[in-house]
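Here are some short notes for a first look at this structure. Please read them with the model open.

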Amino acid sequence: MSSRSSSLRRSLSSLLTRQRTNSNVNRTRRQSWFGPKSPEDLTEDLDAARAEIAEELKIDILTATQEEDNKRGTEEVSRSFISDTITVPTPEMYAYAARASVGDAVYHEPTTLAFEAHVAKITGKEDALFMPSGTMSNQIALRTHFKQPPYAVLCDHRSHIVRYEAGGTAFHSGAHSQMVVPANGRHLTLSDVEENIVLGQDIHSSPTHIISLENTLNGTIFPQNEIVRISEFAHRSGVKMHLDGARIWHVAAETGTPVKELCAPFDSVSLCFSKGLGAPIGSCLVGTKEFISRARWFRKLFGGGMRQTGFMTAAAAYALTNNFPRLVGVHALAKKLDAGLREIGVDVLSAETCMVFFDPTPIGVSYAELVERARMLPEPIRLGGSRLVVHVQTSPQAVDDLLDLVHELAEEKKLAGFVKPDTPPPTPTTGSRSPFKNMYVKVKA
C-alpha cells in the first residue's frame, strides 16, 4: 500500500512540475511581446521589421544607361514598318501630360472630362468615354448595343473585331459574327449587306442586331456614300451601326472630310489615339448619353475603370492637336514607298493612307529573305511580312534604305538567272491568282 502511495505522489509531483514549466514558458513568451520590454523597445522592433520589408520591396527598373537606351529605341522605331502602334511619346508630349489634373476618374477627373467632351463634340455625338484600348472600346460598344440573345453582328471578314480581338465578341457578348467577303474585294456594299443580313423571326438563324464597319480597313478608305446607304438601310431595319474608327483620322486627313460627317451614319464609334496619332495609350467610345452611361457600367464590369487618367488623356490631346496635321506627310511617304516598289517590279496594293501591302515574289524574293536582309543592315530595318506601315515617326531615310535593299535583291536574283514568269503562280500573299486575297502575311524576324 505504501508502495502505491509513493508511486502516486511521484506522478502528481511530476505533473505539477510539467505544469509549472509550461506556465513559465508561456509567461516568458508573453513577456517577450508585452513585457518586460518597454513600449519604446517594441516600437524599435516594429520599425526594424518594416524597414526590412521595405528593403525587400525596393526596385529600380531603369537601366544605368536609360537615356541612351531610349535614344536607340526611338531610332529603331523610326526604322520599323511593323505598325503605327510602336510610336513613342516625345519629350514635348511628356511635358504636356505632366501638367494634367490629378483627379480620380471614378469620381471626378477634370482633364479626362474635358477631353471626353471635346471628342464628343468633334464626332457630333452626345457623350464620350475614355478607354484603355481600341479592343475594349469595340467590345464594350457591341456589348452595350446587344440586349437579349440570340443576336449577331455583321462585318467584313477582315475586321479587327473578328480577327484581332481574341474572340471577344463571342466571349463577352455571346454573339454570332456574320463575316462577309466583299464582292468587290475592297469594301462591303449595300448589296453585300442585303445579301447576308438576317432579319425576321426564323428560329434557325441568329438575327443581325449590329452592322460593324471599319474605316480605314487595312489602310483602305471606305467610301462615305456607301456607308450612308448601308446606314439608311440598317436603321430602316432596326439594326444598329457601329464604326471601328481606329484610324478614322487618316480618312479625314486624306479626304478633307470632317470627323463629324464621317461619324454621322453610326450609333457608336470607337476612335484610337495610340495608332496613327502616336499617343501612348487610349481610345474613346462615343454615342448618346444613354449609350455611354450603360457603356461606363460595362467598362467597370470588364475591369477597365481607371483612376488618375489625366496624364493619359492629356497625352492623347497632345497627339490629336500636334500629330493629326502630320498625317498628310505620312500618306505622302507611304505613296513614295508604293511607287518605288512598283518601279522595281514588286506587286503592290495601292496605298491610300499609311499602309502598303506588297508581294515580292515577282522579283524572285520571299518575305522571309527580305525580312532577314533588312534585319542585317548596318542600320537595321524591321519588317513583319507583307504589310508596311508608315507612321508619324517613320524616317524618310528608312524608306529610301528599304527601296535600295529591295532593288539590290532584285538585281541579285536577275544575276542568278531569275526570270519573272508570264503567268504568275500562286503566291504566299494571294494563295491563288486572285490578287491579294489574303493581304496580311506575317513573318517573324
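1. Two residues are in contact when they have heavy atoms within 4.5 Å of each other. On that basis, and leaving aside its neighbours within four places in sequence, Asp244 is in contact with Asn138, His160, Leu213, Glu214, Asn215 and Ser270.

2. The model is predicted. Its pLDDT averages 91 over the protein, and 88% of the residues score at least 70.

3. Asp244 lies in strand S5. The residue is buried yet has no salt bridge. Lys275 is the nearest side chain of opposite charge, 6.0 Å away; a salt bridge would need a side-chain nitrogen of Lys or Arg within 4 Å of a carboxyl oxygen. What the side chain of Asp244 does make is a polar contact with the side chain of Asn138, at 3.1 Å.

4. Helix H10 covers residues 224–236, 13 residues in total. From its first C-alpha to its last it reaches 18 Å, close to the 18 Å expected at 1.5 Å a residue. Just after H10, Gly238 takes a positive phi of about 75°.

5. One stretch calls for caution. Over residues 427–436 pLDDT stays under 50, and the model has 30 contacts beyond four places in sequence for this stretch. Where pLDDT is low, the predicted coordinates should not be read in detail.

Methods
Residues are numbered from 1 along each chain as its sequence is written. This is a predicted model: local features need pLDDT of at least 70, side-chain atom pairs count only at pLDDT 80 or more; totals for chains, interfaces and linings use all residues. Side-chain values use heavy atoms; hydrogens and water are left out. Helices (H or I, at least four residues) and strands (E, at least two) are DSSP runs, numbered from the N terminus. The expected span of a helix is 1.5 Å times one less than its number of residues. Buried means under 20% relative accessible area, exposed over 50%, partly exposed in between (1.4 Å probe, protein chains only). Lys and Arg count as positive and Asp and Glu as negative; His and the chain ends are not counted. A polar contact is a pair of N or O atoms within 3.5 Å; within protein, one must be able to donate a hydrogen and the other to accept it, and residues adjacent in sequence count only if both atoms are side-chain atoms. pLDDT is the predictor's confidence in each residue, from 0 to 100.
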